[in-house]
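User: Take me through this one, please. Start wherever you like.

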Amino acid sequence: MGPSEPERESGGRGEDLGAPGGGIGGPRGGHEGLGGQIEGSGGRTWGSWGSLTATLPPVPPQGEVCSAITSKYSEFLPSARSAEELVSQVDGLSGSIELLRAGIEEQVQRDLNVAVAEFTELKQQLERDTLVLSILKKLQEFDTAIKEYNTALLEKKYVVAAQQLEKARSSLKMLESRKGFELKILKALGTELTVQTQNMLYHLGEEWQKLAVWKLPPTKESSSLESVMHSELHLCTLPSKEEEIASQPVASVLQAFAVLGELRTKLKIFGQLLLKYILKPLISYPSLQPFTEELSDVVILRFKCEEPNLDHSSPVEVFDKIKLILEVLHKYLLNVPVEQCVEDKKECRVTLAELLGDMIWEELSDCLIQNCLVNSIPTNSSKLEQYIEVIKSTEEFEKALKNMQFLKGDTTDLLKYARNVNSHFANKKCQDVIVAARNLMTSEIHNTVKITPDSCVALPKLPDPGSGDHLKMQKTSKQLPKEMVNLENETKLSQYTFSLPTCRISSSVEKLMELAYQTLLEATASTDQCCIQLFYSVRNIFQLFYDVVPTYHKENLQKLPQLAAIHHNNCMYIAHHLLTMGHQFRYRLTNILCDGAATFVDLVPGFRRLGMECFLAQMRVQKGEILERLSSARNFSNMDDEENYSAANKAIRQVLHQLKRLGKVWQDVLPVNVYCKAMGTLLNTALSEIVTRIAALEDISAEDADRLYSLCRIMVEEGPQVFTPLPEEDKNKKYQEEVPVYVQKWMTFKELMIILQANLQEIVDQWADGKGPLAAEFSPAEVKSLIRALFQNTERRAAALAKIK
């Protein structure tokens with residue numbers, strides 16, 4: 001049957017009002033629509049519909065519309081109620097599911113915790129058991145290693161024994177590293193291991209002493225040649241075939257030492273003995289010759305003494321001696337492979353010779369350089385070419401050591417030093433020059449030689465320059481026409497114009513200048529670098545002189561006038577040569593120095609100042625002594641008193657004695673012109689002081705005037721006698737007659753003597769209205785003061801005073 005009309009209408013409305021799952025018309029269609037609604041919205045739509053039905057008000061009948069709505073409502077209400085029941089069922093089912101899930105989770109968690117706890121306990125138990133098992137295993141390994149060690153030691157299988165000891169030591173270290181298992185037995189095991197190690201080292205030491213036996217001198221000092229002669233080294237002989245070496249005790253002993261880490265200690269001791277008692281003495285003593293004595297089971301190394309040809313051994317001889325020693329050691333002791341991989345944990349095999357070489361080569365190389373190669377450096381550039389033989393022998397020496405595996409790598413410091421001979425020659429030459437110069441500077445100054453204008457330093461003969469401006473000028477002058485007028489002045493300077501005047505200088509200074517010239521000559525034949533070093537060494541000589549001599553001889557220069565004069569001459573002599581020294585060598589030195597650097601002119605003012613300051617300081621000392629002596633003359637007053645006259649006479653005599661003594665001391669030392677100026681200055685000081693004191697007197701009696709005149713006459717008569725610059729007396733008269741030239745107050749002093757003996761008229765005549773000789777020496781005030789002191793106050797004195805103006 002088909003549906004009624006109202007059903008079709010309600011069904012259609014259900015499709016319009018329903019959810020996406022379908023319409024709500026009819027029970028079936030309504031349920032399907034609600035089911036779709038549940039799936040799409042998770043069940044929340046049913047609740048909303050339930051609340052909707054609960055709140056809908058009753059609809060009053062209003063015609064057909066109202067009847068239709070009522071019909072639809074009545075049809076929808078059962079479906080909504082069914083949905084509400086379904087929702088309540090679903091809620092109940094959801095609660096049951098939650099309860100079931102909570103129960104399951106609680107049970108599972110409880111079971112899981114129990115399982116984890118059991119697993120952890122089992123794991124810890126397993127770890128403890130594993131640790132105990134490993135400890136027991138290490139203890140077993142330790143015990144096995146000790147047993148095998150004892151067996152190997154009895155059989156003298158030292159390498160195996162040493163390896164077993166190392167295994168035991170490794171096991172013990174592993175046991176000691178286990179924290180939480182501090183077994184008391186470990187201490188006992190450590191003690192046992194130490195005892196066995198020392199026992200092993202004792203046996204190895206005994207074997208080593210059989211291989212290399214030292215017989216040393218009884219005295220501890222090995223520095224003397226006699227004690228070195230008693231040194232011997234006995235080596236146990238070994239077969240020469242390499243394949244037999246490993247079976248010999250020496251290989252076993254040395255490899256066992258290497259395994260135990262004691263090989264370097266033993267070799268270091270052996271190396272130090274080898275250096276001290278064999279190698280270093282061979283380098284230091286040229287007379288020592290090594291030789292070997294071969295017996296059935298031992299080879300003996302000892303020395304014999306021969307007469308040396310030189311003070312120092314040549315490098316070639318020293319290298320041959322050392323090679324002989326090392327070849328013997330290599331043949332009978334050191335050509336043994338040592339398993340270094342045991343110590344360094346690397347796959348490598350080295351010989352005992354290489355280990356020993358690493359330990360002693362640096363010290364041996366330094367000794368060869370300092371005590372052999374240094375002494376072989378030439379002292380003259382002409383011998384540098386011969387040094388090639390030393391360089392070749394050094395190369396061969398190092399090559400031989402490398403073949404014996406004493407050396408490894410590239411060139412060593414020894415060969416570098418030998419190849420760098422030019423630099424070492426320059427350094428040594430410079431050092432020797434400075435040392436020689438300083439020795440000359442610190443020698444006695446008073447040992448002198450006489451220098452004359454004809455004398456000169458033994459200058460080196462320099463070759464003629466290949467080219468130069470002066471040669472071009474000479475060639476040009478030769479081409480001038482004969483009719484050209486010679487414009488050269490006919491009056492020529494003396495050949496001695498620029499010569500140093502005759503004087504005495506220290507013989508050490510003359511040698512110093514010769515040393516400087518010879519060093520510069522050496523520089524001209526040297527390499528550029530050496531030339532520069534030698535040139536500046538010569539400059540350093542003079543700078544050293546400037547600093548050393550005034551300091552070293554300070555006390556003598558201050559106290560002894562003769563030494564001060566000699567030092568003055570020394571400085572002037574050096575300055576004189578410095579003026580031209582650079583020019584003489586300018587074009588013979590390296591190009592770097594030819595551009596103006598090769599000069600010594602800048603040192604000239606300093607040396608002149610040094611000489612003058614020293615001599616002027618001595619002059620001040622002498623002036624002070626003269627003034628001090630004249631101060632005891634009681635101002636030359638009251639000469640009628642015998643005591644005053646005696647004191648003044650004594651002072652005059654002392655001054656003259658001092659001047660005569662200086663004249664003798666400086667005689668034939670200072671140049672004549674310097675001598676005369678110096679003596680004139682000192683005599684002038686005495687005369688000036690006497691004039692000043694007499695002119696200052698306020699009252700001079702006739703008797704005082706006579707006695708003052710007699711004192712002044714002593715000075716005038718004996719003063720010129722102090723001028724004795726030359727040893728020949730007859731040649732000194734010339735200079736004694738020229739006293740007024742050197743003594744500024746000489747004429748003043750003579751005018752004073754005239755005043756002391758003249759009357760008023762004579763004094764006025766000497767004045768001659770300010771144009772006479774008296775006016776040239778004294779001022780009007782001084783003359784008036786003397787007149788007032790000498791003459792009484794009379795009209796004649798007043799008239800005379802009036803004319804002095």
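**Cavities and a helix pair**

Analyst: The largest cavity has a lining of six nonpolar, five polar and no charged residues. Nonpolar here is Ala, Val, Leu, Ile, Met, Phe, Trp, Tyr, Cys and Pro; charged is Asp, Glu, Lys and Arg; the others, Gly among them, are polar. This is a predicted model, where local features need pLDDT of at least 70 and side-chain atom pairs 80 or more, while totals for chains, interfaces and linings use all residues. Numbering runs from 1 along each chain as its sequence is written, and side-chain values use heavy atoms, without hydrogens or water.

User: What volume does the largest cavity have?

Analyst: About 50 Å³. A cavity is a set of points on a 1 Å grid over the protein atoms alone where a 1.4 Å probe fits but cannot get out, and lining residues have an atom within 4 Å of a point. Points join across faces, edges and corners, and volume is the space filled by probe spheres set on them.

User: Which residues line the largest cavity?

Analyst: Among them are Met-441, Ser-508, Phe-545 and His-553. α15 (421-441), α17 (507-524) and α18 (528-552) each give two or more residues; helices are DSSP runs (H or I, at least four residues), numbered from the N terminus.

User: And which helix gives the most to the second largest cavity?

Analyst: α12 (residues 352-376), with four residues. That lining includes Trp-361 and Phe-406, and the cavity holds about 40 Å³.

User: New topic: what does α21 bring to α23?

Analyst: Phe-615, Met-619 and Lys-623 are among the α21 residues in contact (heavy atoms within 4.5 Å). By class, the contact has ten nonpolar, three polar and three charged residues.

Key
On a 1 Å grid over the protein atoms alone, a cavity is a set of points where a 1.4 Å probe fits but cannot get out, and a pocket is an open set with protein on both sides within 12 Å along at least five of seven lines; lining residues have an atom within 4 Å of a point.
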